[in-house]
Amino acid sequence: MESQAEARKRDLFRNDPNLQRLLKRSLGLGYARWEPDLAGFGAWVGDAVDSAASYTDRQAPPYLETYDAQGRIANRIHRNPTWAATSREAYERGVIGLNYTSDPAPFEVTFAMGYLLSQADVSLHCPVTMTGAVAYVLDRHGPPAIKARYRGELTRMDGAALTGGTWATELHGGSDIGGTTTTARSEGDHWRLNGLKWFVSNADGGLSLATARPEGAPTGTKGLGLYLVPIALEDGTLNPMRFRRLKDKLGTKGLPTAEVDLTETWALEVAPPPEGFALMMAALEFSRIHNAMASIGLQRRAFVEAYHYASERKAFGDVILHYPMVQDELLAILVTLEAGAALAFEAAHGFDIADRAHSGDADEARVWLRLATALAKYMTGEDSIRACSRAIEIIGGNGYTYDHVTPRLLRDAQVMTVWEGPANIQALEILRLVAGRHGGDKIFAARIEAMLTAASSTLGWFVTTLRSELKDWQAALALIRADPAEARRHARRLMALMADILAASLLLVEAEEGLKQGDHRKQRIARLFIEARFQPPARRGILPQQDWVYREFEALATCQPVAKAGLPI
């Protein structure tokens, strides 16, 4: 790795061998086609976006102009020109549009761009997330006339793209969408929406999807339609709505999040009840994959910042990177980062498979996508907070100041557990899939078993450990199925166990590929992850054989091959 000073303008793609290996494995021959786009994007993010993000966060956050100088209602959100220019360039570089060209990129490519983008600015990544979700819903599910008129406005790459939003949260809460109170009234070829959307990020982006209940529709999710709301009407006038105020948030200060009064707001129907709720959930599922990408992006940036600082900071006669306790903390960030990356990219790859699946395979592909997405969203969000906190501790008091990016990383990381459904909501999704009619339990067990069966004898200890954990999960699931009260009590614990099993199994797949090339590094990462989550060593790891960690620290930390076996079992 380069020095900390050199890292200030870093190529986030070229300096991330783990990302490259993940994409090479999943994209296959397509990797060469999309590598230049990813490399250019990573270099731009590490320089221009990183600089703009710091300026926006500390000196020029967005603000709401309620009235103009003459006392008239202005209802405008202002963003500084640097942020606006950076935002435009993200879309010019294809963060959405690459998926909709004549030679479209797999969605995994643009999900990976989200991972790179979040390392510099989660506040910019969030609008990208929602724009991608709106474009996808319109392209795959929108009425032909609406798709023809509006999808291109979100996917164009000429610097004039509109950006999107997903408006579901209301005053009573974000997860209980079935309680939506916003109403929709038919008016010829369009609709009028009335209600309050309580937590609207990127409120003035251009095109948003909103849930609303048509007059006379039933209560609950079955009565919800989905509507496309443009910020401006065809004649250029603003669509009637009012930004009540911008939220004063803990983090993502560069992203304006508003309370929006919809007042006879003009809209087009994308889907009537009961399909409206299902399509909004499709948008949120898309966003949850990006949420996982943002979480591992934050972990990656936290690791890089802490590693570079530790490599230059001298204390007690040596650089602190050489001290075992510092190495332990850095490895704790790195191991959960690589486990989370395996999970997040499994969800991203699964999205492309489900999107292309034909009717015979579509059901299983969809269930697996939902499982992987919920597990990835949960685990990576939890770990991002720990990683950013650890980075501050490694850097020390300096890391607590805005001379470093780490305070912003920690503030932004906290939202990862909240956006697009907190952990309890993901746990309910998992429960529906594995304990209900979807057959997710059989799909999960079969996929894990396939990964373990493919492992060589060299990984025997790992396989034995994970098979035992899989049996424990099946016993836990039986308990939950037998008693609804147990399900309500243990759903989150069940989800955590599944996330760890899947992440560890995916690391074994990567380890097997490494062993075929004579590289034992990922085997080491898998060992550390399994010990941390399933089998912590005796005496809290105070054992002589753990010296292998410190002997191989540099190779582990810098993603270099590890040639020797020598791993204690």
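**Exercises on a predicted model**

The largest nonpolar core has 165 residues, and L330, F444 and W473 have the most contacts inside it. The structure is a predicted model.

**Exercise 1.** Find which residues W473 touches, leaving out those up to four places away in sequence.

*Solution.* Start at W473, one of the residues with the most contacts inside the largest nonpolar core. Count a contact where heavy atoms lie within 4.5 Å. With residues up to four places away in sequence set aside, W473 touches V434, D441, F444, A445, L494, L497, M498 and I501. Among them, F444 is itself named with L330 and W473 for the most contacts inside the core. A second, separate core has 19 residues, including I77, W167, V200 and L262. In soluble globular proteins, nonpolar side chains tend to be buried together.

**Exercise 2.** State what share of the residues counts as buried, and what share of the accessible surface belongs to carbon and sulfur atoms.

*Solution.* A residue is buried when its relative accessible area is under 20%. By this cut-off, 58% of the 569 residues count as buried. The accessible surface comes to about 23000 Å², and 53% of it belongs to carbon and sulfur atoms.

Definitions and conventions
Residues are numbered from 1 along each chain as its sequence is written. This is a predicted model: local features need pLDDT of at least 70, side-chain atom pairs count only at pLDDT 80 or more; totals for chains, interfaces and linings use all residues. Side-chain values use heavy atoms; hydrogens and water are left out. Buried means under 20% relative accessible area, exposed over 50%, partly exposed in between (1.4 Å probe, protein chains only). Accessible areas come from the Shrake-Rupley method with a 1.4 Å probe; for residues, only the protein chains shown count as cover. A nonpolar core is a set of buried Ala, Val, Leu, Ile, Met, Phe, Trp, Tyr and Cys residues joined through side-chain atoms within 4.5 Å.
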